[in-house]
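Have the sequence and the coordinates at hand as we go.

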Amino acid sequence: MWRPPVLISRKGLSNRLMIVAYFVTMTFVLMACGRGPDGSTAQSSHRGTTPSSDGIRQTDSAGKRLPFETRLKSRWNARNDGTSYEPCTALEASELMNLGVIPDSVRDVAGTDGQTLRGCRWQYRIVPQSGSWSVSQVVGNSPGLAVDKQSKRSGVDIWMRDLDIQGRTVGVHRLADGADCDTYVQSGEAAVNTIVIHHGVPHPPVEEVCERAIAFTKATIDKMPR
């Protein structure tokens, strides 16, 4: 019997990212099972740029360097190459600051080589008596929003009304405890998920959490290839 791979995260990576990673991995496995008439599998056209001298790629598809040095040779892999979009390089420091995000807080979400999710995590500026906040934006191959909605149908999953942002359908999802909210945008053969989490209690109204996720999505959606 097939079992989903265990994705080991860095210390402090939220359980929410692990949940997203699980569902994205399951979706990828289902996609990988599909073969053409000749028995071959479909291949993505987004394979990345030439690696650096040590064989480890350090730039996005446009040649822009990551805001950190990765030691993971398979950070880009067949589970997340359905789009050329790279969350870690999408926004300039000034744009992040306009969203209330601390640019220097950037961290790679990848904790192990070859895991499904590719992207970054940032911290928001601390607001007194508001608790701490983080935002993550990740890429993982996915056939579409409808499949994602089918995957997340447990008692803790709440799908809100879809949004239309710049002519694109954006799914908005939250967990029942109200601590986090995430959006889904289709980009090529992949999903771009933006996840905002409030750390600590009490949590603010879930509308405030979702507002942050939607704002970050709006700031980046025009950079995501269709």
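A disulfide is taken here as a pair of cysteine sulfur atoms within 2.5 Å. Keep in mind that you are looking at a predicted model. With that cut-off, Cys181 and Cys210 are joined by a disulfide, their sulfurs being 2.1 Å apart. Cys181 sits in strand β7 (residues 180–187) while Cys210 belongs to helix α4 (residues 206–220), so this bond ties together parts that are 29 residues apart in sequence. If you look along the S-S bond of Cys181 and Cys210, the torsion is about 95°, so the disulfide is right-handed.

How many disulfides does the structure hold? There are 2, and the other bond links Cys88 with Cys120, at an S to S distance of 2.0 Å. Here Cys88 is found in the loop between α1 (15–32) and α2 (93–98), and Cys120 in strand β2 (residues 118–124), so the pair connects parts that lie 32 residues apart in sequence. Its torsion about the S-S bond is about 110°, so the disulfide of Cys88 and Cys120 is right-handed.

Are these two cysteines buried or exposed? Cys88 has a relative accessible area of 7%, so it is buried. Cys120 is buried too, with a value of 0%. Both values fall under the 20% cut-off for a buried residue.

Finally, step back to the chain as a whole. When the bonded cysteines of the protein chain are numbered in sequence order, the pairing reads 1-2, 3-4.

Methods. Residues numbered from 1 in each chain as written. Predicted model: local features only at pLDDT ≥ 70, side-chain atom pairs only at ≥ 80, totals over all residues. Heavy atoms only, no water. Helix = DSSP H or I, 4+ residues; strand = E, 2+ residues; numbered from the N terminus. Buried < 20%, exposed > 50% of the residue type's maximum accessible area, 1.4 Å probe, protein only.
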